[in-house]
Amino acid sequence: MACFWGAAGACGVAAAAEPSEKDAVALAEKGARFMRLKGKEEMIRLIIARDPEYNQGSLYLAMRDLGGITVAHPTVALIGKDLRDVPDADGKLFRHEMIAVANGPGRGWVDYKFKNPVSGKVEAKTTYVLRIGDVALEAGVYKH
């Protein structure tokens, strides 16, 4: 597709770089600020509604309780599920690590393999986990 001067905005979106680890941290921190101002229930509502502020394609915000239950996720079918013992493509129980980060230092990265919703392929992913009160916000990016 050729980009003409008048369509530069549209072409800029199409040519945007893949989200970075910095973007994942920024999204989790943005969610944390929102929760401190508006509360957990409103954050849950926005995540489930796929609000574009918190759902940007392959980069999105999810929420898990400190025991491992999915509290909010753009894929509504995952809500209320305990997926701790579901491994990634390499057999890694990465959600156990996410819960350990949330319950330990309260922030940090977990690496695993996951199906990219944009490409449809299993790819290396890293997710930033940030504890806020009794839940953890998670925002991940695919490594290319």
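Buried residues are those with under 20% relative accessible area, exposed ones have over 50%, and partly exposed ones lie in between (1.4 Å probe, protein chains only). By this criterion, 40% of the 144 residues in the chain are buried. The model is predicted: local features need pLDDT of at least 70 and side-chain atom pairs count only at pLDDT 80 or more, while totals for chains, interfaces and linings use all residues. Residues are numbered from 1 along each chain as its sequence is written, and side-chain values use heavy atoms, with hydrogens and water left out.

**Chain**
- The chain holds 4 helices and 6 strands, taken as DSSP runs (helices H or I, at least four residues; strands E, at least two) numbered from the N terminus.
- Their order from the N terminus is α-α-α-β-β-β-α-β-β-β.
- Of the contacts (heavy atoms within 4.5 Å) between residues at least 6 apart in sequence, 48% join residues at least 24 apart.

**Nonpolar cores**
- A nonpolar core is a set of buried Ala, Val, Leu, Ile, Met, Phe, Trp, Tyr and Cys residues joined through side-chain atoms within 4.5 Å.
- The largest such core has 23 residues, of which M35, M43, Y54, L61, M63, L137 and A139 touch the most other members.
- At least two residues of this core come from each of α2 (21-38), α3 (40-48), β2 (59-65), β5 (122-132) and β6 (135-142).
- The element giving the most to this core is α2, with 7 residues.
- Apart from this core lies another, of 9 residues, including F94, M98, V101 and V129.

**Surroundings of M63**
- Not counting residues up to four places away in sequence, M63 touches M35, K40, M43, I44, I47, I69, T70, V71, A72, V135, A136 and L137.
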